[in-house]
Amino acid sequence: MIIAERKPMEEIKQMIAPYNKLLVAGCGTCVTVCWVGGEKEVGILASQLRLARSAEGNEISTLEATVERQCEKEMTAELKDKVAEVEAVLSLACGSGVQTMAELFEDKPIFPAVNTTFIGMPEKEGLWVEMCGACGDCFLDRTGGICPMVRCAKGLLNGPCGGTRKGGKCEIDPEKDCAWEIIYRWLEKQGRLDLMRKYYEPKNYRAVKRPGKVQAMQA
Amino acid sequence: MNKEIVAFCCEHSAYPAADLAGKQRLCYPQNLRIIRVPCAGRIDAIHILKAFEKGAAAVLVLGCEDGACHHITGNTRAKERVKYSEMLLKEVGIDNRPVGMFNLAPNEPHKFIRVLNEMNKRIKESREAK
Amino acid sequence: METRDVLVIGAGIAGLASALGLANGGFSVYLIEKEAAVGGYAASFCCKATDVCSKCSVCVAPDKIKEAVIHPQITLLTNSTIKKLSGELGDFRVEIIQQPRYIDVERCIACGLCTEVCPTEPKAVYPPSAEATPFSYILDEGLCLRFKGEDCKLCRESCPTKAIEFELKSKKQELSVGAIIVATGFEVFDAREKGSLGYGRCPNVLTGLDLERIFNREGYLKLPTNGNEPKKIAFVQCVGSRDENHGYCSQICCKYAMRLAGLVKYKDADAEVTIFYIDLQTAGKGFAQFYEEYKESIRFVQGVPVEISQTSSGELEVRYEDISQGKVCREIFDLVTLSVGISPRHDSWNLAKILGINLADQGFFDIKDSLGPNETNVDGVFLAGTCQGPKDIPDSIAHGMSAASKAIQVLSEFASRRRGNQRGH
Amino acid sequence: METKIGVFICNCGGSIKNINFDAAREKVAKIPSVTCVNLSSNLCLGEGKEKMLSYIKEENIERVVVAACSPELKEHIFRQVLEGAGLNGHFFSMANIREQCSWAHEGDVTVKAVELIKMAVNRIRLLQPVEKKELSVNKEVLVVGGGFPAISSALQFSRIGLRTTLLEKKPNLGGKLREIEGFYSLETSSMIGAVEEDENIEILTSTEVVGVEGKIGDFTVRIRKGAEEILRNFGAIVFATGYETEVSPQDFQLKLGINIISQERLAQMLQASSVERKPESVGFIYDVSDENSRLPTLATLNNALTLKERWGSEVYVFCKNVKVDSEGVEKLYREVREHGVMFLKFDEKPRISAEDGRVKIEAKDILLGEDVTLTCDLLVAEEKLVPAEETEALSTLLNIRTDSRGFYQDENVHLYPVSSERGGIFFIGGCRSDLDFQRALVDVSSVVMGVYKLLSPGKILVEAERVKVDRQKCRTCLTCIRVCPHSAIQLVRVDNEKEVAEISDLACDGCGICAAICPAKAINFEGYSDEQIVAQIEAIGAS
């Protein structure tokens with residue numbers, strides 16, 4: 001799931017400074033689940049902006065709407081009438097949602113209210129951790145299902161660094177488990193420790209073509 | 001409104017405490033408006049923000065004593081949400097509208113009055129500072 | 001016919017727990033209370049939370065009171081006592097006397113117009129304490145002119161709901177019940193009996209109960225003599241417990257003293273608090289962590305003072321034996337709180353006679369054997385709460401529920417036995 | 001067509017003087033959707049209620065606002081009137097113009113009173129009906145544990161006609177029962193015999209609980225016996241899994257052995273018909289690593305007395321405080337002292353060492369104010385009460401909090417004596433607290449009461465879907481499931497496809513924590529919905 005974080009308020013306020021009628025648009029998928037851009041957060045942000053502008057004596061009026069998935073044109077198109085009513089749109093979706101919106105409503109300024117940070121999972125209620133770096137070359141099959149690129153603070157591909165602390169904690173963040181320690185334990189449980197001896201070539205990110213594209217095989 | 005305090009009162013604690021204050025004729029300023037809720041944990045940042053949008057001078061969330069919530073975690077969650085709301089207000093530059101979360105028992109009308117007085121004091125201070 | 005009516009005598013916290021258990025289990029309950037309001041002692045205690053709840057359980061009482069008074073299965077009779085009992089398990093007949101209140105609880109809306117017009121001073125008709133339930137005004141026979149032979153009827157004329165009736169006489173009624181739960185509670189030990197400790201003689205010597213009520217009513221502590229905040233406070237443990245006349249531990253005093261001491265410290269960090277004790281009773285769920293905190297901020301002295309007297313400047317001189325130094329020490333305090341214990345009620349003997357149940361050697365009601373915490377020597381009569389022996393609030397609630405459970409069990413068995421007999425005929 | 005709202009204002013027998021009721025009435029009449037305003041002086045009395053009822057009928061009022069005293073006092077009375085008039089009892093709101101208005105302020109409060117009424121009207125306008133319904137419950141009880149509280153509660157459940165399954169992980173029932181047999185004239189065998197004979201009780205030994213799903217009245221429990229796992233359904237679960245003791249001689253850098261023994265070993269020696277050599281002097285020590293010593297005190301007093309009676313040994317007890325706060329213990333303590341047992345109270349940890357095959361104890365006695373050195377043939381080591389091994393795992397499984405010492409049951413006074421934050425799950429005896437025998441007995445009957453009132457009617461009356469998840473809006477983020485303090489929310493599959501959160505009417509206790517936290521605003525708490533709360537705010541200061 002895509003995890004995002006709300007942008008600093010100053011940045012948001014500057015973006016929307018010239019406008020007095022705004023649509024605050026949420027997305028009902030990833031950003032709802034990570035408590036950043038769902039209906040509730042849309043309400044809070046809109047309320048904050050109204051309060052801020054009213055304190056400045058420069059009232060702003062807001063519309064609020066949340067669509068199922070902002071990265072789908074068909075779903076975001078539902079906002080057409082509302083977008084027509086406003087001067088600008090503040091989107092709480094991930095980067096692809098914001099861009100979908102921009103593509104659909106070329107004539108309106110579309111602003112991002114959140115920073116899209118990583119692909120992750122909830123560790124507990126309200127806390128998300130990065131799990132996947134979207135590198136495009138998954139090798140979890142060889143590392144016991146743990147991605148050292150993301151979960152090792154140094155992104156090491158071939159075993160732990162020399163700094164692992166007692167109890168298998170990370171040198172850089174003593175709160176975190178050393179990814180390679182977990183990889184070792186899990187491979188040991190699976191009887192596949194031989195994989196630890198394998199050497200992996202460094203990854204070459206220079207060759208990654210942007211923008212990436214994925215074509216599903218099935219029709 | 002511009003001088004009112006909106007108080008979200010838990011029906012297990014603050015609401016009966018407010019009743020007791022009345023029964024004991026412990027007088028307090030008229031600017032209090034109580035909204036009865038089943039637990040302080042029902043209240044979220046949006047309710048607090050909306051109260052300020054409508055012009056409240058201060059918002060109070062009142063729940064059971066820490067460790068005596070009828071719903072175990074309702075009052076601690078409310079406390080976090082009040083803290084969060086304070087942050088939300090601060091980041092949009094609103095620092096003259098006090099929000100407070102207080103814990104009290106149903107038989108503590110005096111604490112209820114104390115909390116109110118403190119809130120009225122904070123309103124006054126922030127108005128003067130302005 | 002199945003008997004599903006139960007009598008609960010006493011509407012303190014244990015009686016309320018019994019009544020609610022039975023009522024929620026589908027039984028009909030007559031809850032009789034000697035006083036004008038329900039809740040017993042627990043309703044008059046203060047919350048002892050600091051930044052966190054100190055688990056005194058006092059706040060449980062208002063919930064239980066509210067639930068009980070509006071419960072459709074509970075018939076509440078205040079100002080009532082039991083006069084006579086006949087019959088046996090499954091078929092008791094109980095005679096109840098209800099003293100006249102002169103103000104109809106059902107009709108009094110607590111508007112206060114009667115007090116406004118009452119010509120006496122102090123007023124003969126006055127509001128109940130704020131937490132009282134039922135919240136109905138009280139007419140004091142001792143002060144009312146009418147009971148002194150005068151023809152005053154100002155309050156009755158002013159009453160908008162016609163709730164006042166002077167002509168009421170005590171009312172007798174007979175109830176048929178299957179089982180009886182006795183939950184008459186305790187008496188607080190009268191600290192005057194320990195004359196040397198100065199209670200009643202020195203105004204700044206208070207009891208734990210006084211302190212509870214001061215905190216409950218005023219919200220803060222002040223010296224009875226001059227209204228100042230006391231700075232040096234002592235608690236004296238085991239007053240009316242563990243002595244020659246009381247061969248038992250009252251179970252509540254160490255914890256309430258420590259909690260109150262913690263509350264005093266919380267409200268005034270500069271206050272110095274000393275607790276004089278014999279053995280600290282700190283065991284029990286959830287208390288260990290508080291004890292660790294109290295140890296940091298409260299001074300504990302092992303040994304109990306022998307004499308407390310007032311100096312010419314109004315302070316209190318406490319004389320206690322410091323065994324470690326082998327001599328008698330004197331120390332000055334602003335306020336001394338005597339941690340009074342739980343005593344059996346003086347009228348227990350009367351009720352024991354009426355019900356035919358036994359008293360144990362200390363004067364509490366006796367249980368039949370150690371395997372039944374609620375059973376008395378009379379089948380179908382059960383004990384709940386502190387009338388059986390000292391208990392704190394959670395233990396009283398548990399004991400009340402336990403008594404209700406036992407009543408349900410014997411009545412179920414009684415009903416199935418009776419059904420069996422009928423089939424046999 | 002607009003809803004017809006009737007407002008009933010009561011001046012409390014004419015005693016409320018600081019509200020101008022005529023002015024208030026005029027203002028209230030102008031509030032949109034208020035179709036009738038009625039002024040009364042005794043609304044809560046029979047005649048007032050009758051008038052209210054006839055008004056509701058005459059004016060075809062659909063929703064009612066009462067402006068009077070506190071809802072804490074009279075709410076239930078007025079709801080009955082509504083229901084008597086055939087209205088949904090939920091279509092009702094009170095404006096507290098007495099306790100929280102007239103009585104609380106000096107001077108005229110008419111403006112505030114009108115505002116309070118407006119707030120109530122604004123709220124009531126948005127209310128949706130709430131229906132009550134009865135849900136049936138499973139009347140079987142599961143009791144986990146095989147010790148005294150478990151056996152005793154099973155017998156009592158059976159007595160009131162509730163079928164009970166007794167589940168013990170050990171091969172035999174009895175638990176610590178055998179240890180206390182001597183003291184309370186208990187016969188282990190007869191109690192176990194009674195449960196075995198009871199037709200209402202099923203016994204499963206060498207069996208463990210490995211999973212609990214569902215809610216009050218309808219639990220599905222996964223039970224493991226050997227390699228086999230079965231699913232069983234129960235209406236309530238009682239845990240009576242007891243505690244464990246940890247002998248802590250490590251504090252004295254000595255090991256348990258011939259001279260330092262546990263209370264259990266001492267009890268065995270005392271029960272044995274003969275002993276090799278009677279110890280001439282015996283020391284007991286506790287309060288060193290744990291001052292929560294109610295049960296160690298009891299064991300010490302009982303054993304010390306038996307020691308005196310059987311062997312006539314010199315007995316010394318080292319402790320900080322004698323815990324006498326249980327029934328009959330002060331009496332026992334006095335008896336023990338009369339038998340010549342010496343109590344020495346320390347503040348600093350005593351020093352314990354071996355000397356000539358005996359045990360030397362050096363302590364500073366605070367009563368004597370002196371250093372005391374004693375040499376004993378035997379020292380009975382401190383025993384610390386610790387939670388049973390599986391407590392942590394099982395509490396995680398049940399999503400139930402333990403207390404600060406790791407025992408079952410959160411230290412929240414509203415749960416005492418035997419409840420947990422999940423309806424239908426109970427804890428009794430040593431697994432929740434250090435209870436002496438009398439208190440444990442009380443726990444047993446309390447839980448029987450608690451379960452009886454839940455299950456015996458066979459059904460529970462609930463407010464149907466008061467708190468409800470909008471399946472269209474639910475994003476299945478699991479937030480509500482994680483935060484619900486009563487574990488009332490579960491995932492369900494809708495139409496064999498999407499998984500969404502669903503709130504159980506049986507388990508929901510109506511706190512609204514989920515409604516506040518839901519990031520998709522998919523949870524509606526009828527009566528306290530966002531709109532209903534905001535509508536009240538909107539009424540403030542409007543006049």
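In what order do the four strands of the open sheet in chain B lie? The order is β2-β1-β3-β4, and the pairing is parallel. This is a predicted model.

- The edge strands of chain B are β2, residues 32-37, and β4, residues 99-103, and each of them pairs on one side only.
- On average, neighbouring strands of the sheet are turned by 20 degrees against each other, with direction ignored.
- Strand β3 of chain B covers residues 58-63 and pairs with β4(B) in the parallel sense, over five bridges.
- B:L62 has B:F102, in β4(B), as its bridge partner.

**Helices across the sheet of chain B**

- Helix α1 of chain B, residues 14-23, lies across β1 (5-10), β2 and β3 of chain B.
- The direction of α1 is at about 115 degrees to β1(B).
- Helix α3 of chain B, residues 74-91, lies across β3 and β4 of chain B.
- The angle between α3 of chain B and β4(B) is about 165 degrees.

**α6 against α13 in chain D**

- Helix α6 (residues 148-159) and helix α13 (residues 437-455) of chain D pack with their axes 9 Å apart, at an angle of about 40 degrees.
- Because of that angle, α6(D) is oblique to α13(D).
- α6(D) and α13(D) make a right-handed crossing.
- From α6(D), the residues in this contact are D:F148, D:P149, D:S152, D:S153, D:Q156 and D:F157.
- They meet D:A440, D:D443, D:V444, D:S445, D:V447, D:V448 and D:V451 of α13(D).
- The contact of α6(D) with α13(D) holds eight nonpolar, four polar and one charged residues.

**α6 against α8 in chain D**

- Helix α8 of chain D spans residues 188-197, and its axis comes within 10 Å of that of α6(D).
- The axes of α6(D) and α8(D) cross at roughly 45 degrees, and the two helices are therefore oblique to each other.
- The crossing of α6(D) with α8(D) is left-handed.
- On the α6(D) side, D:I151, D:A154 and D:L155 make the contact, and on the α8(D) side D:M191, D:I192, D:A194 and D:V195 do.
- By class, the contact of α6(D) with α8(D) has seven nonpolar residues, no polar ones and no charged ones.

**Chain D against chain C**

- Chain D brings 58 residues to its contact with chain C, and chain C brings 57 residues.
- On the side of chain D that touches chain C, α3 (71-84), α6, α11 (329-338) and α13 of chain D each supply at least two residues.
- The most comes from α13(D), which gives 12 residues to this side.
- The residues on the side of chain D that touches chain C comprise 21 nonpolar, 20 polar and 17 charged.

**Domains of chain C**

- The domain assignment divides chain C into domain 1 (5-99 + 170-186 + 344-424) and domain 2 (190-341).
- Taken over C-alpha atoms, the centres of domain 1 and domain 2 of chain C are separated by 32 Å.
- In chain C, 12 residues of domain 1 contact 18 residues of domain 2.
- The side of domain 1 of chain C that touches domain 2 of chain C has four nonpolar, four polar and four charged residues.

Terms used. Residues are numbered from 1 along each chain as its sequence is written. Chains are lettered from A and ligands numbered from 1 in the order in which they are written. This is a predicted model: local features need pLDDT of at least 70, side-chain atom pairs count only at pLDDT 80 or more; totals for chains, interfaces and linings use all residues. Two strands pair if DSSP finds at least two bridges between them. Axes are lines fitted to C-alpha atoms, for helices over the stretch in contact, and angles run from 0 to 180 degrees between N-to-C directions. Two residues are in contact if their C-beta atoms, placed from the backbone, lie within 7 Å. Angles under 35 degrees count as roughly parallel, over 145 as roughly antiparallel, 65 to 115 as roughly perpendicular and the rest as oblique. A crossing is left-handed if the near helix is turned anticlockwise from the far one by less than a right angle, and right-handed if clockwise. Ala, Val, Leu, Ile, Met, Phe, Trp, Tyr, Cys and Pro count as nonpolar, Asp, Glu, Lys and Arg as charged, and the others, Gly among them, as polar. Domain bounds come from an automatic or database domain assignment.
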